Amino acid sequence: MTVPPQDLVGPFTVVQQLIAAHLVGGRMVTGEEIALRVDQTLTQDATGTLVMQELEALGLDRVRTELSVQYVDHNILQADERNAEDHVFLRSAARRFGLWYSKPGNGVSHPTHMQRFGIPGKTLIGSDSHTCAAGALGMLAIGTGGLDVALAMAGEPLYLRMPEIWGIRLDGELPDWVSAKDVILELLRRHGVKGGVGRILEYHGPGLAQLSAMDRHVIANMGAELGATTSVFPADDAVLAFLRAEHREDDYTPLAADPDSRFDLTEDIDLASLEPLVAKPTSPGNVVPVREAAGTPVAQVVIGSSANPGLRDFAVAAAMVKGRQTSGEVSFEVNPTSREILQDLTRMGATFDLIAAGARIHQAGCLGCIGMGQAPAVGQNSLRTFPRNFPGRSGTADDAVWLCSPETAAASALVGHLTDPRAWALREDVDAPHLNLPEQAAVNTGMLEPPLPPDESRGVELVRGPNISALPELDPLPGEWDGPVLLKVGDDVSTDEISPAGAKALPYRSNLPRLADFTLTRIDPDYPGRARRAGPHLIVAGDNYGQGSSREHAAITPRLLGLRAVIAKSYARIHWQNLANFGVLALEFTDPADYHRIEQGDRLHLADLHAALAGDAEPRLVVHNADKDEDYQVTHRLSARQRENVPAGGVIPALAARRDGGPT
C-alpha cells in the first residue's frame with residue numbers, strides 16, 4: 001500500500017499502513033489524537049435518523065465521502081406506524097443527501113456492506129459498533145457515534161486517540177466442530193470485555209489460511225465486545241476469493257504487513273488447541289468451555305446476526321439438522337443475515353433442510369439481536385450465535401442469553417439442552433460436515449437504491465412523520481454549578497442499560513423527548529422522573545462505563561434530562577466520545593478509591609470549569625462534596641478540540657458559534 005509522503009518511517013504493520021495512508025492530522029504516537037480521512041460511511045435505521053437530522057443541522061448539501069450507505073436492518077418489524085415512518089424518512093434523506101439506500105429486508109448492514117461495497121485499504125466508519133467487522137477485508141473500519149459519521153459525510157476527518165497495535169498470531173488449524181466464533185470467544189475468555197480498550201487487533205500468521213473472509217468477519221465483528229477500536233486482517237487470497245464470488249474482483253488490492261514490522265503487544269493462539277466455547281449470561285466475557293455447562297436446558301436457539309453472518313454458518317447448521325427433528329422443547333429460529341445468503345442457502349437445498357427440522361425462518365435483518373422480536377420467555381435459556389448478551393437486550397427484562405457457535409447451537413437445538421457438538425457427533429456417529437458452498441454468490445442488487453444525481457437530489461424534501469422530532473438545542477456548560485449524584489452505578493454498564501433496545505423503546509429512537517422516558521430504567525425505573533425534577537445532575541460510575549452499542553441516544557437522552565457530567569473510573573471508547581459530542585463532561589477519578597466515598601444523593605460542586613477546560617490548562621479538576629465536605633481530584637482526557645466543544649454544549653453548538661463568528 002502506498003503511504004503518502006510524511007515524516008513516517010516503516011516498516012509498518014497492516015494497521016499502521018492503513019492509518020498512515022489516511023492520516024490528515026496528528027502523529028502516530030500511542031495516546032495522541034489523530035485525524036483520519038474517511039472513505040466510506042455506514043448508517044443503520046436505529047441510529048441513522050439522528051445522523052440525517054445532524055446532516056440537516058450542519059447544512060450539508062450532499063455527502064462528500066467516496067460512498068455512504070443507509071441500511072434499514074434493525075427496526076424492520078412494523079407493529080405500528082413508527083418504524084415505517086422512519087423508513088420513509090431515511091429513504092427521503094438518502095435521496096436528498098446522496099447516499100445508497102438498502103431497503104428493509106435486504107440484509108444486516110455489516111455482511112451486506114462486505115458483499116457489495118467493502119474494499120481493501122479503505123477507511124469505513126459507521127454509527128454501529130460492529131462496523132469493525134469490515135476489518136475482515138483489510139479495511140480500517142471503526143464504529144462511532146452518529147455525529148462523528150455525520151461530520152465525516154460532511155467532509156470532516158475522524159478524530160480518535162492513536163491506539164496500541166495488538167498482534168494476534170494464529171497458528172495451526174481448527175479441529176472439527178470448532179469454528180471462527182470459538183476463536184473470538186477464546187480471546188474474550190482470556191481478556192474479558194475490557195481487554196481490547198485502546199487497542200486495534202491485527203491478525204496474522206499461518207492459521208489465517210483456513211479462515212474465509214466471512215470467518216474473519218465473525219472474529220472482527222466481536223472485537224467490539226473486547227472493547228477494541230477495531231480489528232484488521234490482511235487482504236490476501238481469502239479476500240480475493242470472496243470478492244471474486246461477489247463479482248467484484250476488480251476491487252481487490254493485496255495488503256500485508258511489511259517484513260520486520262513490530263506490534264506494541266503480541267499474543268499467540270494455537271487454533272488446534274481450541275474447543276467449543278460459550279458465553280454465559282450476562283456478558284460476552286463470561287466464557288467457559290461448552291462441556292462445563294453441558295446439560296443446561298435450552299428453550300430457544302437462534303442462528304444468525306452480524307456475529308455469524310456467513311453462508312457457511314447457516315449451511316453447517318442445516319447439514320447437522322438434515323433428516324432430524326429439533327427438540328420439542330426448543331424454538332429453533334433462523335435469522336438470515338442478507339437476502340443474498342438466503343437465496344444461496346435456498347438454492348443449496350439447505351433452507352428446506354432447516355424448515356423440515358422445525359426451524360422458523362425470519363426475514364433478513366438484525367431482529368432478535370437488538371430485541372426486535374424473538375424475545376425469550378422469562379427464566380428460560382436462549383442460546384444464540386449473537387455478539388451480545390447484556391441484561392435485557394433480548395427484549396425480555398429477566399432474560400438468560402448464551403452466546404455460541406452455529407455448531408453448538410444446532411447440536412443443542414436437536415437435543416434440548418446445551419451440548420458440545422463433539423459429544424453429539426460421537427453419540428450420533430456422524431462426521432463433521434464438509435460443505436459444498438457455491439463458488440459464485442447469488443448477487444441481487446434489486447433492494448439497493450443508488451444515490452440520485454445531484455441535480456435531482458437537491459429537489460427532494462425530507463418526509464417527516466409525527467414520531468420524528470427535531471434535534472434539541474443544547475445549552476452551554478455553566479462555568480460553575482452543583483448538582484446531586486442522581487445515580488451511582490457499578491462496572492461495565494452498557495448502552496443497552498442507558499438507552500434500551502427492544503420493541504418498546506426503539507420505535508421512539510427518532511422521538512428524543514419520548515425516548516428519554518426509557519433512559520436508565522433498566523437500572524432505576526424512576527430515573528427519568530427524578531432527573532426532570534432535579535435539573536442539572538451527575539452520574540457516578542465504575543469501570544468501562546458505556547460499553548457496547550455506539551448509539552448516541554445513550555448520551556443525548558440523559559443530557560435532555562439534565563445530565564451535565566459523569567465521573568467514572570473509566571469509559572468505553574465510543575460512549576466517551578458521544579458524551580463529549582453532546583456537551584456532557586466525562587471525568588475520571590484520579591484515585592479510583594474515591595468512587596467508594598461518594599453516595600447516591602450527595603451534592604457535588606464543580607467550579608472554574610471554563611478555566612479548567614482552557615487549552616493550556618492541566619486536565620485536572622477538583623470536585624467538592626458539599627454533603628461530606630470532601631474534595632476529590634478528577635481528570636479528563638479531552639483534546640484541545642473537545643475542550644472547545646464541551647463548554648459550548650457540544651459539537652453542533654460549537655460549530656454554529658464558529659460559523660457565526662461568535663465565541664465557543
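Which elements cover the buried residues of α22? The cover includes β2 (33-36), α20 (573-581), β24 (585-589), α21 (609-612) and α23 (651-659).

## Basis of the model

This is a predicted model, in which local features need pLDDT of at least 70 and side-chain atom pairs count only at pLDDT 80 or more, while totals for chains, interfaces and linings use all residues. Residues are numbered from 1 along each chain as its sequence is written, and side-chain values use heavy atoms, with hydrogens and water left out.

## Helix α22 and its end

Helix α22 spans residues 640-648, and its buried residues are Gln-642, Arg-643, Asn-645, Val-646, Pro-647 and Ala-648. Buried stands for under 20% relative accessible area, exposed for over 50%, and partly exposed for values in between (1.4 Å probe, protein chains only). Helices (H or I, at least four residues) and strands (E, at least two) are DSSP runs numbered from the N terminus. After α22 comes Gly-649, with a positive phi near 110°.

## Pocket and surface patch

The largest pocket holds about 970 Å³ of space. Its lining consists of 36 residues, and Ser-212, Asp-215, Arg-312, Leu-435 and Leu-437 lie nearest the pocket centre. Helices α7 (213-221), α8 (237-245), α10 (311-321) and α11 (339-347) each supply at least two lining residues. On a 1 Å grid over the protein atoms alone, a pocket is an open set of points with protein on both sides within 12 Å along at least five of seven lines; a cavity is a set where a 1.4 Å probe fits but cannot get out, and lining residues have an atom within 4 Å of a point. Grid points are joined across faces, edges and corners, and a volume is the space filled by probe spheres set on the points.

Leu-435 and Leu-437 also belong, with Met-348, to a nonpolar surface patch that has about 190 Å² of accessible area together. Patches are made of residues with over 30% relative accessible area and no salt bridge; like charges are joined within 9 Å and nonpolar side chains (Val, Leu, Ile, Met, Phe, Trp, Tyr) within 5 Å. The areas come from the Shrake-Rupley method with a 1.4 Å probe, and for residues only the protein chains shown count as cover. Leu-437 sits in the loop between α14 (421-428) and β20 (448-449) and is partly exposed, at 31% relative accessible area.

## Cavities

There are six cavities of 30 Å³ or more. The largest cavity contains about 250 Å³ of space. It is lined by 26 residues, and those closest to its centre are Gln-44, His-74, Asp-128, Ile-370 and Arg-393.

## Salt bridges

The structure has 43 salt bridges, each a side-chain nitrogen of Lys or Arg within 4 Å of a carboxyl oxygen of Asp or Glu. Arg-312, one of the residues nearest the pocket centre, pairs with Glu-407 at 2.3 Å between the closest N and O atoms. Arg-312 is in helix α10 and Glu-407 in helix α13 (residues 406-415), so this pair ties together parts 95 residues apart in sequence. Arg-312 is partly exposed at 21% relative accessible area, whereas Glu-407 is buried at 3%.

Arg-216 and Asp-236 form another salt bridge (2.9 Å, N to O). Arg-216 lies in helix α7 and Asp-236 in the loop between β11 (230-232) and α8, so the pair ties together parts 20 residues apart in sequence. Arg-216 is buried at 1% relative accessible area, and Asp-236 is partly exposed at 22%.

## Backbone exceptions

Most residues other than glycine have a negative phi, and most peptide bonds are trans. Leu-520 has a positive phi near 60°; this residue is in the loop between α17 (512-515) and α18 (527-534) and is buried, at 0% relative accessibility. Asp-608 has a positive phi near 55°; its place is the loop between β25 (603-606) and α21, where Asp-608 is exposed with a relative accessible area of 55%.

Pro-281 and Thr-282 are joined by a cis peptide bond, with omega about 10°. Thr-282 lies in the loop between β13 (277-279) and β14 (287-289).

Conventions:
Contact = heavy atoms within 4.5 Å.
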